[in-house]
Each structure stands twice: as C-alpha cells, then as structure tokens.
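Welcome! Take a moment to look over the fold below, and then let us walk through it together.

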Amino acid sequence: MLDDIQVDDAVLALRPDFAVLVMTARDLRNGPTDERSRAWLAEASAATVQTEKIDAWKDAYRAFGAKPQRTRPSVDALTRRMPLPEINQVVDAYNSISVKHALPIGGEDLDRYSGPARLVRASGDEASEEALGTPGPGEVIWRDDIGVTCRRWNWRQVVRTRLTEETTNAIFLLERLEPMSLVELKQAGEELADLLSELSPQVRIASRLISGGK
C-alpha cells in the first residue's frame, strides 16, 4: 500500500506546500478508551490552539470552493469539541496528536480498503456513501478503487473504512500545510508511533512522506 499511495498533481497545483506522512500500523490491538488514552486527550485539550495552522487549512478549503465555516477541516472541528471526545484507544491517540500539532490526521482500517489511497480532485461522479453525498467537480477527496474514503480533503471520512475496536491493521494520513515544517510533521509521526507502540508493543509501523508529487 505505501508505495502505491498517490497525491495527484492537480492537488499539488492547488497547494504546492502540501505534504502527507502516510503511516501503516499492522498487528494493532485496539480497545475502549481507558485511563491512559483519556490522559492523552486531557493533555491535548489543555494545549493552546494554534490558529495560524488551522487558518492555512481554511484557505485551502476555499481554494477548491468549500466553505470552511460549514464543512470544517478536521482539526478545526476537533478543537471546537473540547474536551476531546472519547472514541477508542487508537482514535484517542491520533486525535490527541492532531490537536497537539494542529495537524489533520485521518485514521482508517487498512483491511477495508480496495486498492491504494489516492488524493485527487473529484470528477463529480465518484461513488460515495449516502450520508456524505457526492463530491462536486474539483473537490479534493481521498479515494480508493471503490470510491470516496474522505470528502473535502479531511472533512469527513466514510463509515466503511472507520477505525473500530476490531481493527488490527490501520493507515494514518498526517496532512501538512505551511506554516508547519516538515520537521514537525516527522516529529508528530514519531509521537503517534510511540503512542501506538505503547498500546500495542507488537505493532509494526512503516511510513512514507509524499510531497512535491513524489
């Protein structure tokens, strides 16, 4: 999966500063929120919101015609839900890193994918779950061979690939725009890997940075 993930040139033309750190985590053990993951959420909830990074994502949404006040970038929506909601241990882990670094992170069940993840600008006829609606032409979406996996860049993911307590293999998409540096993006990835390893000492993590069409 890692080597086949693509970011379309049309997305990079829209935001040349975009980069995504893709991580796969195999042999995970997930479970309900516990005291450990609750502490991660509490620490992240106490952090100062880094509005300049979130504002960059709002600008990116406007660039493809979305209204960020109506469909908010994922990290913007999270920071408006303090204290952070308890979902499950793995989701709590990546949500805490997301808020700490003001970094949109998507976490999905790798076994629910059909083919590799691709970040593209929609043609407008992609298959999508009814609750999310069909993306408009030019909208930035994540997709696989079946159809949409996340609409409006990182606004909302489909139910099909959602991380659950039964998930054992996951993919994480850590999405960066300036002013976040690539150094901080890498650091956020390392912090997420540490939390996942704490939850699942046997986990096998691999990663790949995609930027500038590479």
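Let us begin with a pair of helices. The axes of helix α2 (residues 35–45) and α5 come within 9 Å and cross at roughly 20°. Here an axis is a line fitted to C-alpha atoms, for helices over the stretch in contact, and angles run from 0 to 180 degrees between N-to-C directions. Helices (H or I, at least four residues) and strands (E, at least two) are DSSP runs, numbered from the N terminus. The angle makes α2 roughly parallel to α5; angles under 35 degrees count as roughly parallel, over 145 as roughly antiparallel, 65 to 115 as roughly perpendicular and the rest as oblique. In handedness, the crossing of α2 and α5 is left-handed, a word used if the near helix is turned anticlockwise from the far one by less than a right angle, with right-handed used if clockwise.

Before going further, a word on what you are seeing: this is a predicted model, in which local features need pLDDT of at least 70 and side-chain atom pairs count only at pLDDT 80 or more, while totals for chains, interfaces and linings use all residues. Residues are numbered from 1 along each chain as its sequence is written, and side-chain values use heavy atoms, with hydrogens and water left out.

Which residues bring α2 and α5 together? From α2 come S37, W40, L41 and A44, and they meet Q89, D92, A93, N95, S96 and V99 of α5. Contact means heavy atoms within 4.5 Å. Sorted by class, this contact has 5 nonpolar, 4 polar and 1 charged residues. Ala, Val, Leu, Ile, Met, Phe, Trp, Tyr, Cys and Pro count as nonpolar, Asp, Glu, Lys and Arg as charged, and the others, Gly among them, as polar.

Helix α5 also has another partner. The axes of α5 (residues 89–101) and α6 (residues 182–199) come within 10 Å and cross at roughly 155°, which means that α5 is roughly antiparallel to α6. Their crossing is right-handed. On the α5 side the contact is made by Q89, V90, A93, Y94, S96, I97, K100 and H101, and on the α6 side by E184, Q187, A188, E191, L192, L195, L196 and L199. By class, 9 nonpolar, 4 polar and 3 charged residues take part in the contact of α5 with α6.

Now for the strands, starting with L21 in β2 (residues 19–26). Is L21 buried or exposed? L21 has a relative accessible area of 10%, so it is buried; buried means under 20% relative accessible area, exposed over 50%, and partly exposed in between (1.4 Å probe, protein chains only). L21 and K186 lie 165 residues apart along the chain, yet their C-alpha atoms are separated by 7.5 Å. Not counting residues up to four places away in sequence, L21 touches F172, L173, L174, L185, K186, G189, S207, R208 and L209.

One of those neighbours, L174, belongs to strand β8. At 0% relative accessibility, L174 counts as buried. Its C-alpha atom is 8.3 Å from that of S98, a residue 76 positions away in sequence. Leaving aside neighbours within four places in sequence, the contacts of L174 include A19, V20, L103, I105, A188 and L192.

Most residues other than glycine have a negative phi, and most peptide bonds are trans. A cis peptide bond, with omega about -5°, joins M82 and P83, and P83 lies in the loop between α4 (74–79) and α5. The bond from E178 to P179 is also cis, with omega near 20°; P179 sits in the loop between β8 (169–176) and α6. A102, not a glycine, has a positive phi of about 50°. This residue is in the loop between α5 and β3 (105–109), and A102 counts as buried at 6% relative accessibility. W153, also not a glycine, has a positive phi of about 70°. W153 lies in the loop between β6 (148–151) and β7 (156–157) and is buried, with a relative accessible area of 0%.

Finally, step back to the whole chain. There are 6 helices and 9 strands, and 55% of the 214 residues count as buried. Residues 24 or more positions apart account for 72% of the contacts with a separation of 6 or more. Along its principal axes the C-alpha trace spans about 45 × 35 × 35 Å.
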